[in-house]
Amino acid sequence: MFNKAKRIQELPPYLFAEIDRKKRAAQAKGVDLIDLGIGDPDIPTPGRIIQRLTETVTKPANHRYPSSAGMMEFRQAVADWYGRRFGVTLDAATEVVSLIGSKEGVANMAVAYVDPGDVVLVPTPAYPVYEIGTKFNGGEVFFLPLRRESGFLPDLSSIPADVLKRAKMLWLNYPNNPTGAVADEGFLKEAVEFARRHGIILCHDAAYTELGFDGYRAPSILQVEGAKEVAIEFHSLSKTFNMTGWRIAMAVGCPELVATLAQVKSNVDSGVFQPVQEAAILALEHAEEFLGPIREVYQERRDAVVDGLHRAGFELPAPKATFYVWLPVPGGWTSTDFTARLLDEAGIVTTPGNGFGEPGEGFIRMTLCSPADRLREAVERLQQLSL
Ligand SMILES: *Cc1c(COP(=O)(O)O)cnc(C)c1O
């Protein structure tokens, strides 16, 4: 009856609809499904973080509108944590803004800077919001394929000159969802130099820097000299502290970019509930204490899955970070067909790689958001399949 806005009409069809339908049908039949589809921690938020929320929720001052940019105490806690963790100095007042989850910040970054006709450089496969945010604001997406041969890093030198001329913004995400790939400081340096040379805003989505294994600690893009002139980094407490439902994150870096994002936010939202910010301060202050056990859990799970897959004859590297395993599908199968087969014949829910972008064809994504014994059961079922 009512015409949807063009930007909504133009949204791509929901790629997972078929998987969702099959998943519900299998559940209805009583199949013991193992869900390796969702990228959402199954482990609860650490108790002390919850306790800080319950202590602060009764204060009447916390029942009023928060500032949309975030409490000064929260922004200072972010700055202090960046100093300890990355050796990066941030001014809490001008270089940090709170977000209602980094998804919000990613989407609003396009509101802040993308005009119709602007080009945004977006990796593919990728978290979908970089593309959608661009298109919602009339921008054009130029995709940068992430391929296994190149370590799932984009080739910045491959971008045609006419595209570069119109390019406003570049998105990067390391450690990477969905590929589990990491970028070293050398690549981040190259990206900063590229952005500076061409006058492009560099947006780095750093949601997974804290989930590193075997002692690996991912860098912040702000460690690169000169990054603060062109780069804004999106970070989040969601994946780091099992707080996806709390909705708290931050954008940090170039003061001009942070200010414009804050300006957008002051017009569309009213910030993060203050007790959530109070709890986040405690989380950041004691980050390493909370993260030790969290990293251990994911590392055990990663080993269970990767070892099992190796035994089943798959060749893939163990991811150094993130809770994703990016599995090449056996020869002759498409991502979609292999995903369907795992569901039909083994009761395992996974995500076809092409759902994150065409170059993801030939891979499926498995998440480590289930207990280790369930993951072991999943790879045992997989080994039973004749592939
Ligand atoms: C989960 C995820 C986000 C969103 O995190 P929130 O802070 O919960 O909104 C952003 N980027 C990537 C790559 C993610 O995987």
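The model I am examining is predicted.

**Entry 1: ligand surroundings.** I looked up the residues around the ligand and found 14. The closest are Asp205, Tyr208, Ser236, Ser238 and Lys239.

Entry 2: I then listed distances from ligand oxygen to side-chain N or O atoms. For tyrosine 208 the distance is 2.6 Å. For serine 236 I read 2.6 Å, and for asparagine 177 the value is 2.9 Å. I next checked how far the ligand is covered: taken alone it exposes 380 Å², and the protein buries 94% of that.

**Entry 3: strand β5.** I turned to β5, which spans residues 167–173. Is this strand largely enclosed by the rest of the structure, or largely open? I take buried to mean under 20% relative accessible area. Six of its seven residues are buried, so β5 is largely enclosed by the rest of the structure.

**Entry 4: partners of β5.** I looked for the strands that pair with β5. Strand β3, residues 119–124, pairs with β5 in the parallel sense over three bridges; here leucine 121 stands opposite leucine 170 of β5. Strand β6, residues 201–205, also pairs with β5 in the parallel sense, over five bridges. In that pairing I noted asparagine 173 opposite aspartate 205 of β6. Asp205 is also among the closest residues to the ligand.

Entry 5: β5, helix α8 (residues 185–198) and β6 make a β-α-β unit, and I recorded its hand as right-handed.

Terms used
Residues are numbered from 1 along each chain as its sequence is written. This is a predicted model: local features need pLDDT of at least 70, side-chain atom pairs count only at pLDDT 80 or more; totals for chains, interfaces and linings use all residues. Side-chain values use heavy atoms; hydrogens and water are left out. Buried means under 20% relative accessible area, exposed over 50%, partly exposed in between (1.4 Å probe, protein chains only). Helices (H or I, at least four residues) and strands (E, at least two) are DSSP runs, numbered from the N terminus. Two strands pair if DSSP finds at least two bridges between them. A crossover is right-handed if, with the strands pointing away from the viewer, the path from the first strand over the helix to the second runs clockwise. A residue is near a molecule or strand if one of its heavy atoms lies within 4 Å of it. A polar contact is a pair of N or O atoms within 3.5 Å; within protein, one must be able to donate a hydrogen and the other to accept it, and residues adjacent in sequence count only if both atoms are side-chain atoms. Accessible areas come from the Shrake-Rupley method with a 1.4 Å probe; for residues, only the protein chains shown count as cover.
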